[in-house]
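Thanks for coming. Please look at the screen.

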Amino acid sequence: MSLVARPFVLDFAGAYLDKAPEFSEEIWADWNAQKQEQFGRRWPEVQTVLFALRKLGIHMVDVSPSNIAFAD
């Protein structure tokens with residue numbers, strides 16, 4: 001294990017590779033609302049990071065401020 005400094009993306013244990021998880025639209029809507037509340041004004045930046053990861057075939061669902069952090 002090593003120490004990291006901001007900015008970082010950590011904890012890929014909850015990631016899906018090459019195929020997004022199949023959740024209902026209701027679950028995705030609840031997930032998005034929860035994440036928007038957790039990240040506040042930074043949510044658009046988090047969405048940009050998640051989109052970049054999806055382009056690489058990485059679908060993260062375990063997203064929290066403890067595993068995606070920005071330099072302040």
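This is a predicted model: local features need pLDDT of at least 70, side-chain atom pairs count only at pLDDT 80 or more; totals for chains, interfaces and linings use all residues.

Now back up into the helix itself. Helix α2 runs over residues 43–55, which is 13 residues. At 1.5 Å a residue it should span 18 Å, and its end C-alpha atoms are 18 Å apart, so the two figures agree.

Which residues of α2 are buried? They are W43, V46, L50 and L53. Those residues cover an arc of only 75 degrees around the axis, which means they sit on the same side of α2. The face turned away from that buried side carries T48 and K55, which are exposed.

Next, the core. The largest nonpolar core has 11 residues, including W31, F39, I58 and F70. Two or more residues come from each of α1, α2 and β3. The most come from α2, which gives 4.

Take L53 as one case. Leaving aside neighbours within four places in sequence, L53 is in contact with V9, F12, I58 and M60.

Last, the loop between α1 and α2, where R42 lies. Is R42 buried or exposed? Its relative accessible area is 17%, and buried means under 20%, so R42 counts as buried. Again leaving aside neighbours within four places in sequence, R42 is in contact with F70, A71 and D72.

Conventions: Residues are numbered from 1 along each chain as its sequence is written. Side-chain values use heavy atoms; hydrogens and water are left out. The expected span of a helix is 1.5 Å times one less than its number of residues. Buried means under 20% relative accessible area, exposed over 50%, partly exposed in between (1.4 Å probe, protein chains only). The arc is that of the directions from the helix axis to the C-beta atoms. A nonpolar core is a set of buried Ala, Val, Leu, Ile, Met, Phe, Trp, Tyr and Cys residues joined through side-chain atoms within 4.5 Å. Contact means heavy atoms within 4.5 Å.
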